[in-house]
Amino acid sequence: MKIHRRACIEMFASLGVIVASPALAEGKTVEVVMKNNPKSVFVPAIVNISVGDTVKWTNPGVITHSVTFVPAQPTAAFDAALPVGVAPFDSGNMEEDATFSHTFTVKGTYKYFCKFHDAMGMVGTVVVS
Ligand SMILES: [Cu+2]
């Protein structure tokens, strides 16, 4: 069986199939929903994940939102925050049924907002440990 197993691995390798080791296993995906009633909010507002995990935001409603991890925006009521060395990122405008996913590869606390409703408190936090 050992020979057979090796032959199989070699065959898959020759086909370009990558056999992931447990250390390289994909992270999990955590969902955040943009809700509008009675006011616009991210649910849940605080997400705790591990390095390599993905957060997926979904906008099921008709109100346009954004997921904005961009600090020091002059028009923003709320300031985003990123761990040192992490580049800002933004979903752009998310219309009804839009989704936006981001995989977090650096530990730290990330604060973000919706650029349309931050003044109303539509803000969130992602803690990556
Ligand atoms: Cu919004």
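Select Cys-114 and Met-122 to begin: both are buried, a term that here stands for under 20% relative accessible area, with exposed set at over 50% and partly exposed in between, using a 1.4 Å probe and protein chains only. The model on screen is predicted, so local features need pLDDT of at least 70 and side-chain atom pairs count only at pLDDT 80 or more, while totals for chains, interfaces and linings use all residues. Residues are numbered from 1 along each chain as its sequence is written, and side-chain values use heavy atoms, with hydrogens and water left out.

Now move to strand S1, residues 29–35, where strands are DSSP runs of E with at least two residues, helices are runs of H or I with at least four, and both are numbered from the N terminus. Three bridges join S1 to the antiparallel S2, two strands being paired if DSSP finds at least two bridges between them. Within this hairpin, which has five residues between its strands, Lys-35 has Val-41 as its bridge partner, and Met-34 stands opposite Phe-42. Colouring S1 by face separates the covered Val-30, Val-32 and Met-34 from the uncovered Thr-29, Glu-31, Val-33 and Lys-35.

S1 also pairs with S4 (residues 54–58), in the parallel sense and over five bridges, and there Thr-29 has Thr-54 as its bridge partner. Widening the selection gives an open sheet of four strands in the order S2-S1-S4-S7, with mixed pairing. S2 (41–43) and S7 (99–103) stand at the edges with a single partner strand each, so one side of each is left without a neighbour in the sheet.

Finally, select Asp-53 and Lys-28, which form a salt bridge whose closest N and O atoms are 2.6 Å apart; the term requires a side-chain nitrogen of Lys or Arg within 4 Å of a carboxyl oxygen of Asp or Glu. Asp-53 counts as buried at 5% relative accessibility, whereas Lys-28, at 43%, counts as partly exposed.
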